[in-house]
Structures are given as structure tokens and as C-alpha cells.
Amino acid sequence: MRLPGYFSRRRVAQNAQVIGLCRFSYPAIGGFKTEHDSPEERARFLYAPERLDERFRLFEMFTLPSIRTQTNDDFTFLIVIGEDFPPEREEQLRALTADIPQIVIQAHPPGRHREVMASAINSVREAGKYSIQFRLDDDDAMGVSYVHKLRNMLFQHFPLFEGSRHVALSFTRGWHATGTPEGILAEPAKAHYPTAALAIVFRPDVDLTVMNFAHHQVWQHMPTISRVDNDMFIRGVNSFNDSGDRLGENMKLLTREQEDRFQRAFGVNAEWVRARAGR
């Protein structure tokens, strides 16, 4: 082993900045498969009380527990909302996330989706560091070891990152799931470059962001590393899914053993899900 190289890689991995991005019902121009004629019309759709009620339920059930329980807590999780987000809902969002120091909430006026999100990422990005960036929808979850494994891959494969402007890191195995008063309905899922378990690592001299690339096309633009670790993402199933994908057709109620597995893998507690879904 060449010790100077080893310690250099370790320093780089330790000093890398990890940034997660969550678009929480932000009324963007573009960025949705469901079309609207104006940002105002989109906002009315996004801010409908029944839709926001469901988003907040899934956010509390899946997303927040997976953020709170990361085994490596050195990361920033950026939540972008609209400047016209209903005040009572913004208060609700801030109250739910007040105990999570990694979370930063930013309000932006309507704008082009990728441009606004890239600007938000760059506003918290630290110069001179490798930047590990990922996206997470407000009804999704990441495995509790996600941030740790991203940093570890930078350490393990450092020559690849050093020689490449950007490299994609993807985990291919997870679950589709939703919460009900009876418990968690879920089905195993496998996917190539799923948004909920895909990160892009940028060299310090590269000013691009994860928003410069469509998740399903990253393999066309950069080297990729795919791993088949189990239980690395939950993709939430909901009534307002925008992707058009047919999710959750074979979901079943988790057994007690599987509930324990979800607790270990994602920090998701089935009793809390039952209580939250029953409200």
C-alpha cells in the first residue's frame, strides 16, 4: 500500500461535501410530467389541501426518519419550496424539521426547474471540495447507510474520481411502499439509476450540479458505479404520482419481521406509520 496515497484519499473522502436536494411542492416551470398552463395554475394543483396532506404524511413516514437516522450525519439536506407556499404549511414544515440540523429550507419564486434547483445547490456548495449530490422526493427514503456508503465509494475508487469530471453512484435495490392504518404496504423494487438512490460526485474544479443530468441518462455522460446492496431506497407510492410509472401493483402488508427490517434499513417505524396514516 502506498501510504501517502491512502491518506490523501481518506482526507478527500472525509472532506467531501454531501448535498441532498428535495423539491417540496415547488411550482417550477418545467420539471413535471403533468402539464399546467402557468405557475399559478401549477401552484393551485400542488397546494391543494388533500394533496399536501398526503405529501406531509409520506414525508413524515418515510423521508424524515431516513434523514434522522443516517449513520454518517455530515451532510446538508436542502428543501426548496415556493415563495407562495401557504404560510401555515411552511410553519408545519419548519416545525417537523426543526430537530434536524442537516436540513436547510429555501423559498424561491417560480422559475425554470433545473435552473432554480441548481442555484439552490450552489448556494450551499463549499468551494475546493469534492461535491457529492443527490435528489430525494418528499415521499421517498434512503437507506440509513446511504451517506456513509457514498463517502466510502469516493475513498475506495478515488483514482476514478480524480481522473473524471463527474461520476455517478447508483444503488439498484429498494422498495415501493406506502403507509396505511394497517401498516406498511410494500413490494421489492429494482431499478437502473433510480432518483432515490443515485448520486453524482463532482470534482472541485467542476461547477455542474446533479440538476444538469436526467437520472436515467447519466450513463451516457459519465462513468458510473452501480451497487446491488439491499434496502437502499424507498420510492413512495401516492395518489398524485407525477412520473407516470405504474408503481405498487404488487404491494403487500409487511410482516412483523419485515417491519423490523424497515426499521433497521430506513429508520421507518411501522407503529408510527400506522398512527400517522390513521389521522
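1. Start with the contact between two helices. P49, L52, D53, F56, F59, E60, L64 and R68 of α3 meet R89, Q92, L93, L96 and T97 of α4. Contact here means heavy atoms within 4.5 Å. The residues of this contact divide into 7 nonpolar, 2 polar and 4 charged. For that count, Ala, Val, Leu, Ile, Met, Phe, Trp, Tyr, Cys and Pro are nonpolar, Asp, Glu, Lys and Arg are charged, and the others, Gly among them, are polar.

2. A word on the source. This is a predicted model, in which local features need pLDDT of at least 70, side-chain atom pairs count only at pLDDT 80 or more, and totals for chains, interfaces and linings use all residues. Residues are numbered from 1 along each chain as its sequence is written, and side-chain values use heavy atoms, with hydrogens and water left out.

3. Now the geometry of that pair. Two packed helices are described by the angle between their axes and the distance between the axes. Helix α3 covers residues 49–68 and helix α4 covers residues 87–97. Helices (H or I, at least four residues) and strands (E, at least two) are DSSP runs, numbered from the N terminus. α3 and α4 pack at about 15 degrees, and their axes are 11 Å apart. The axes are lines fitted to C-alpha atoms, for helices over the stretch in contact, and angles run from 0 to 180 degrees between N-to-C directions.

4. What does the angle tell you? At about 15 degrees, α3 is roughly parallel to α4. The cut-offs are under 35 degrees for roughly parallel, over 145 for roughly antiparallel, 65 to 115 for roughly perpendicular, and the rest count as oblique. The crossing of α3 and α4 is right-handed. A crossing is right-handed if the near helix is turned clockwise from the far one by less than a right angle, and left-handed if anticlockwise.

5. Look at R89 in helix α4. Is R89 buried or exposed? R89 counts as buried, at 11% relative accessibility. Buried means under 20% relative accessible area, exposed over 50%, and partly exposed in between (1.4 Å probe, protein chains only). Leaving out residues up to four places away in sequence, R89 touches P49, L52, D53 and F56. A polar atom of the R89 side chain lies 3.4 Å from the backbone oxygen of P49. The side chains of R89 and Q92 are joined by a polar contact of 3.1 Å. A polar contact is a pair of N or O atoms within 3.5 Å; within protein, one must be able to donate a hydrogen and the other to accept it, and residues adjacent in sequence count only if both atoms are side-chain atoms.

6. α3 has another partner. α3 and helix α9 (residues 270–277) pack at about 170 degrees, with axes 10 Å apart. That makes α3 roughly antiparallel to α9. R57, E60 and M61 of α3 make the contact with W272, V273, R276 and A277 of α9. These residues divide into 4 nonpolar, no polar and 3 charged.

7. Next, D231. D231 sits in the loop between β10 (224–227) and β11 (233–236). D231 is buried, with a relative accessible area of 14%. Which side chains does D231 join in polar contacts? One is W175, at 2.8 Å. Another is R261, at 2.8 Å. Apart from residues up to four places away in sequence, D231 touches G143, R173, W175, R261, A265 and F266. D231 has a positive phi of about 60 degrees although it is not a glycine.

8. Y193 also deserves a check of its backbone. Y193 has a positive phi of about 50 degrees, although it is not a glycine. Y193 lies in the loop between β8 and β9 (198–202). Y193 is buried, with a relative accessible area of 13%.

9. E187 belongs to strand β8 (residues 183–190). E187 is buried, at a relative accessible area of 9%. Beyond its neighbours within four places in sequence, E187 is in contact with G174, W175, H176, L247, G248, E249, N250 and M251. The E187 side chain reaches the backbone nitrogen of N250 at 2.8 Å. A polar atom of that side chain lies 3.4 Å from the backbone nitrogen of M251.

10. End with D73. D73 is in the loop between α3 and β2 (76–82). D73 counts as exposed, at 54% relative accessibility. D73 and M211 are 138 residues apart along the chain, and their C-alpha atoms are separated by 23 Å.
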